[in-house]
Amino acid sequence: MSPPSILVDPLEKISAQHRAPVALSYELFPPRTPAAVDGLWTTIRELESTNPDYVSVTYGASGSNRDTAVELLHNLLSQTTLRPLAHLTCIGNTADELAGIITELLDAGVRGILALRGDHPNDGTEEHPAGALNFAQDLVELIRRVEQRRSAMLAAGKVAIGVAAYPTTHPESPSQQHDIEVLLAKQRSGADFAITQVFFHPEQYAELVLKARRAGVSIPIIPGVMPFTSLRRLQRLAELTGVQPDERLLAALASAGDDAERRRIGVSATTELAKAVLDVGAPGIHLYTFNQHQAALEVLDRLDLVRPSAPTSKKRQLGAKTTLDSHSNLGSSH
């Protein structure tokens, strides 16, 4: 039996037709080799046809892929209709360096930043140089200070700031309660929404949101969902994060006869998880694509989300009615 809805909606009595549709977003990472560029742009065009609310662009530890990340952000803004959410990590960077990067992003037209602590560098780089920011909360506050100084240029607009949330305890955290306290602190510093790390059981997401709401967290907590189509990726994820995949899923993927069967198994498991968290009130779905669109689009096909239509001019730019209809069952609602 599904747990009760955990959606906190101060406008609970508003009619269903006036409520916000389910949010849709994807994660991309900058191409690691010149050969990967064409494949990434094929994925970008396919995902663009689904009219997502935004796409996030990852940023390596200590900004190790900063140049390619910024280039991808520029290209998304200038060559697509997509709205990018720029990842930004703070470990190993001073406040002054980060303020310069934030300014560069805002000047390029970025209006959404995912503020992250970042991974510890493994190349011997100094982790805590003088003046470094070491916590995502500090980065959120810095973004707000830079934004405030540029409010006239932004026409008093607001930069949307996202942060990370953890359905399973962060590997460096003493408890889930500590993770929730950190999330609450990031909200108080100016975060607008959170995206979760990968999880495998809907009750992990439900428990996180329930405890967070009780603690005073009111920002949307968007579940981050990874298509479970690669056995090697799931095993690597377990090594890096300590998040244990479902043993039955691992066994099914391991016994699959070919890639097509593995994708079918993985898409089915991913869809089941996404439906379960939407049933308990998740405000959206954030798909970790690993720069591959096929599985993500198959998951969308099965979810049949109610989505706003793209503006007519955007559909024309995409060349897209047939593309929109061919990739999903979202039909005219997408």
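A: In this predicted model, helix 9 meets helix 10 through Arg263, Val267, Ser268, Thr270, Thr271, Ala274, Lys275 and Leu278. On the side of helix 10, the residues in contact are Gln294, Ala295, Glu298, Val299, Arg302 and Leu303. Sorted by class, the contact of helix 9 with helix 10 holds six nonpolar, four polar and four charged residues.

Helix 9 covers residues 259-279 and helix 10 covers residues 294-303. Their axes come within 9 Å and cross at roughly 50°. Angles from 65 to 115 degrees count as roughly perpendicular and those under 35 as roughly parallel, so helix 9 is oblique to helix 10. The crossing of helix 9 and helix 10 is right-handed.

Helix 9 also has a contact with helix 8, which spans residues 247-255. The axes of helix 8 and helix 9 come within 8 Å and cross at roughly 160°. Because an angle over 145 degrees counts as roughly antiparallel, helix 8 is roughly antiparallel to helix 9. From helix 8, Leu249, Ala252 and Leu253 take part in the contact. The crossing of helix 8 and helix 9 is right-handed.

Note on methods: Residues numbered from 1 in each chain as written. Predicted model: local features only at pLDDT ≥ 70, side-chain atom pairs only at ≥ 80, totals over all residues. Heavy atoms only, no water. Axes fitted to C-alpha atoms, helices over the stretch in contact; angles between N-to-C directions. Helix = DSSP H or I, 4+ residues; strand = E, 2+ residues; numbered from the N terminus. Left-handed = near helix turned anticlockwise from the far one by under 90°. Contact = heavy atoms within 4.5 Å. Nonpolar A, V, L, I, M, F, W, Y, C, P; charged D, E, K, R; others polar.
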